[in-house]
Amino acid sequence: MASNSHIILSNAIKFLLPSLRKVPSSRMPFQRRFHSFRCSSQTQTPANSLQLPATGFTWDDVLQISPSEHNSSDLSGYFEKIRLCNRNIEKQCEFIPFIIEEQIVGYIHNGFAELLRSFQDVFLFLQDGSCNGPFGRQITLQPMLNMPEDRTSAVGNVIRCLGEEVIPGIRNELYPVTPSFGLREIFSLERAAAPYFGIKAYGVHMNGYVEKDGQRFLWVGKRSQVKQTFPGMLDHLVAGGLPHGIACGENLMKECKEEAGIPRFISKEAVPVGAISYMDIDGYRFKRDVLFCYDLKLPEDFIPTNQDGEVESFKLIPVLHIANIIRTTQFFKPNCSIVIIDFLFRHGYIHPEDAGYLKLLQSLRSGDCS
């Protein structure tokens, strides 16, 4: 016979599931605000509200985009791609700080928090009057969960109980939970659950380029149609999340082998060139991502071959052509567009004379880049 807690949880899921599945349609300008969220008294939705793209396009559609179709100094198309990764930031006020060891490690939506109330042996809900710290209302873990492995196990059990109906795409891959990169790991969390707990997630993204006949080209991949996320869309050559227990450089070489068949003697030459960040709210999910960017100059005769079934095919395309594809279409996976825009800055394809240059440059780090 089902326990009372499971009956309560089942009823809560039935009541809240429509909200969990709801995808917000409004798009707002992004802003930096991490510790104290306030609702704006007014919200605005741009008339040309951005929509996530359909994925039913072919390489022929991609290659038909003319590299000289638009003025190269017009940065408006790039700003649209930034906004696609920084949606609904005015809704930060709907999220409650997730505090462990007196540090903010994430943000949890009010609605998702109601589901977590069924697990009072794991989560502790503190209201304004009972909080001694500076954060006010907050969610934390029970004091008895004072070791990283205990926290990982307890929260993992909650995620398994909630299941795919609430948290789709569970991969049994752990992400580190930490206030900032390089700090001690407080516990580890299922990758698919990361945005539901609003933790910072880190990744490695690499542009692979070729120089020949005085021109620079980028290798571009088309994602498999059976990928759980963004099937059929365009990617730069290599990318992957940064899981628990692996360094950035080692993870990049692993992804290079799996995604593009790049041997270690080549991938070890990849150059770390910085990081980008963004904050995106989609229903109960709050993505706070930081992507470490790399460049790799490849031999002219190198041909990438996918090893893990996640990439359908590759094309070598001139950088100026790719720049116009990003400006004028939504063929690229949104965060890959930002990584390539960063490449365009660093390699001199976007110029200080272009209106909005500094604003666009700053917007590549719209999230908490720490």
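**Entry 1: helix H9**

I began with helix H9 (residues 319–328) and found it mostly covered, with eight of its ten residues buried. I took buried as under 20% relative accessible area, exposed as over 50%, and partly exposed as in between, with a 1.4 Å probe and protein chains only. Helices (H or I, at least four residues) and strands (E, at least two) are DSSP runs, numbered from the N terminus. The model is predicted, so I note that local features need pLDDT of at least 70, that side-chain atom pairs count only at pLDDT 80 or more, and that totals for chains, interfaces and linings use all residues. Residues are numbered from 1 along each chain as its sequence is written, and side-chain values use heavy atoms, with hydrogens and water left out.

The buried residues of H9 are Val 319, His 321, Ile 322, Ala 323, Asn 324, Ile 325, Ile 326 and Arg 327. I then asked what covers the buried residues of H9. The cover includes helix H2 (59–63), helix H3 (76–84), E8, strand E13 (311–318) and helix H10 (334–346). For contact I used heavy atoms within 4.5 Å.

**Entry 2: Lys 222**

Strand E8 (residues 215–223) holds Lys 222. Lys 222 is buried yet has no salt bridge; the nearest side chain of opposite charge is that of Glu 312, 4.2 Å away. The charge rule counts Lys and Arg as positive and Asp and Glu as negative, and leaves out His and the chain ends. A salt bridge requires a side-chain nitrogen of Lys or Arg within 4 Å of a carboxyl oxygen of Asp or Glu.

Which backbone oxygens does the side chain of Lys 222 reach? I found that of Gly 232 at 2.9 Å, and that of Phe 57 lies 3.2 Å from a polar atom of the Lys 222 side chain. A polar contact is a pair of N or O atoms within 3.5 Å; within protein, one must be able to donate a hydrogen and the other to accept it, and residues adjacent in sequence count only if both atoms are side-chain atoms.

Helix H5 (residues 148–166) bends by about 45 degrees at Arg 160. The bend is the angle between axes fitted to the seven residues ending at a residue and the seven starting there. Buried residues in H5 include Arg 151, Val 155, Ile 159, Leu 162 and Val 166.

Gln 142 sits in the loop between strand E4 (138–141) and H5. Is Gln 142 buried or exposed? Gln 142 is buried, with a relative accessible area of 14%. Not counting residues up to four places away in sequence, Gln 142 touches Gln 120, Asp 121, Val 122, Phe 123 and Leu 124.

In the loop between H5 and E5 I looked up Asn 172. Asn 172 has a positive phi of about 55 degrees although it is not a glycine, and at 68% relative accessibility it counts as exposed.

**Entry 3: salt bridges**

By the salt-bridge rule I count 20. Arg 191 forms one with Glu 173, the closest N and O atoms being 3.4 Å apart. Arg 191 lies in the loop between strand E6 (187–190) and helix H6 (194–197), and Glu 173 in the loop between H5 and strand E5 (174–177), so the pair ties together parts that are 18 residues apart in sequence. Arg 191 is partly exposed at 21% relative accessible area, and Glu 173 is partly exposed at 23%.

Arg 264 and Glu 250 also meet in a salt bridge, at 3.1 Å from N to O. This pair links distant parts of the chain, with Arg 264 in helix H8 (residues 264–267) and Glu 250 in helix H7 (residues 248–260), 14 residues apart.

Lys 268 forms a salt bridge with Glu 269, with the closest N and O atoms 2.8 Å apart. Salt bridges that share partners join Arg 87, Asp 280, Asp 282 and Arg 285 into one network.

**Entry 4: the chain overall**

I recorded eleven helices and 13 strands in the chain. Of its 370 residues, 53% count as buried. Among contacts between residues at least 6 apart in sequence, 71% join residues at least 24 apart.
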